[in-house]
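I opened this notebook to follow a few strands and the residues on them. The entries below are kept in the order in which I looked things up.

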Amino acid sequence: MGIISLKRHKMATLIFVTTLVGLIVCPSAYGSVGRFSDEFEPTFGGHRVRVSGRSNQLLSLSLDKYSGSGFRSKQEYLYGRVDMQVKLVGGNSAGTVTTLYLTSDQSTGTHDEIDFEFLGNVTGQPYTLHTNVFSRGKGNREQQFHLWFDPTENFHTYSFVWNPKLIMFLVDETPIRVFRNYENHGVAFPKNQPMRICSSLWNADDWATQGGLVKTDWAKAPFTAYFRNFNIDACVGPIRGRSSCVTGPTTFTHSERPAYKKPSRGSWRTHDLDGNGRNRMRWVQKHFMVYDYCKDWKRFSQGFPPECKH
């Protein structure tokens with residue numbers, strides 16, 4: 001074998017080995033068809049957690065006067081992107097709360113959490129979309145929105161993007177909120193604790209609707225919310241005690257594609273607002289935001305949290 005051929009052979013071998021290692025370290029299942037039962041497990045509610053549809057690609061949670069229900073991912077993730085299509089409880093949903101959130105082990109007392117909470121309302125009145133971020137056990141970073149559509153009529157896509165720079169909340173690919181990493185200003189940022197994907201439907205009529213003034217009408221029970229088309233493009237971690245992570249499973253379910261263009265695998269690593277995203281977020285916050293903790297002078301009369309200044 002000549003010198004040039006030998007070099008080519010070594011280069012081809014190196015490329016093959018590198019590719020193989022990449023496949024082992026970062027297995028890619030992006031776009032594959034999966035089932036809720038493969039990636040998630042019930043947390044409470046028994047028969048109220050129901051997986052159905054073709055290939056178990058539709059999940060429903062129900063609430064009655066005896067119990068709510070919930071599920072969580074079998075894996076924990078450290079950074080990534082999560083999309084879930086949700087159709088909320090229709091009709092008179094006052095007192096009910098449907099959640100979609102990421103959370104670390106809460107027993108540590110310094111848990112991290114990223115929240116979507118959908119607060120039900122009486123028939124004809126809008127849901128309130130409640131968002132919050134906990135870092136190292138500190139929360140109280142609420143922003144609330146009304147939506148520009150009826151979230152009970154059809155499925156809509158709710159997404160988290162979490163990378164070392166920011167946490168972004170999106171609705172049908174429209175950014176509604178960004179929480180940036182301001183550790184250099186003394187603001188803790190979730191970065192060390194892996195989180196599970198969780199969801200629940202439960203009764204919170206002591207506070208959820210008009211501050212608890214409107215109670216749950218149990219004559220309308222059971223209340224049901226539906227979930228489909230989950231997409232996970234994230235790092236599984238920590239692995240064997242290491243703080244680093246590898247790309248985890250990404251699963252796209254249901255034959256009907258969502259209304260948004262699926263982002264390329266791994267794009268969450270550098271995801272940030274572009275010009276269009278900034279304009280869309282300004283539009284949402286101008287017309288649909290109903291509460292911002294960074295503008296609550298009564299609550300923070302002694303001074304706003306440091307991230308509000310930036």
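Entry 1. I began with the pairing of E6 and strand E7 (residues 113-119), which run antiparallel and are joined by seven bridges; strands here are DSSP runs of at least two residues (helices, H or I, need at least four), numbered from the N terminus, and two strands pair if DSSP finds at least two bridges between them. Within this pairing I found Leu100 opposite Phe116 in E7.

Entry 2. I noted the conditions: this is a predicted model, in which local features need pLDDT of at least 70 and side-chain atom pairs count only at pLDDT 80 or more, while totals for chains, interfaces and linings use all residues. Residues are numbered from 1 along each chain as its sequence is written, and side-chain values use heavy atoms, with hydrogens and water left out.

Entry 3. I then looked up the other partner of E6 and found that E13 pairs with E6 in the antiparallel sense over eight bridges, with Val97 opposite Trp202 in E13.

Entry 4. How many residues of strand E6 (residues 96-103) are buried? I counted eight of the eight, so the strand is largely enclosed by the rest of the structure; buried means under 20% relative accessible area, exposed over 50% and partly exposed in between, with a 1.4 Å probe and protein chains only. Both faces are covered, with Thr96, Thr98, Leu100 and Leu102 buried on one side and Val97, Thr99, Tyr101 and Thr103 buried on the other.

Entry 5. On E13 (residues 196-203) I picked Ser200, which counts as buried because its relative accessibility is 7%. Its side chain makes a polar contact of 2.6 Å with that of Thr99; such a contact is a pair of N or O atoms within 3.5 Å where, within protein, one must be able to donate a hydrogen and the other to accept it, and residues adjacent in sequence count only if both atoms are side-chain atoms.

Entry 6. I checked the UniProt record, an unreviewed entry, which lists Glu113 and Glu117 for "active site"; such annotations may be inferred rather than shown by experiment. Glu113 lies in strand E7 and is buried at a relative accessible area of 9%, and its side chain forms a polar contact of 3.3 Å with that of His111. Glu117 is also in strand E7 and counts as buried at 15% relative accessibility. Leaving aside residues up to four places away in sequence, Glu117 touches residues including Val97, Thr98 and Thr99, where contact means heavy atoms within 4.5 Å.
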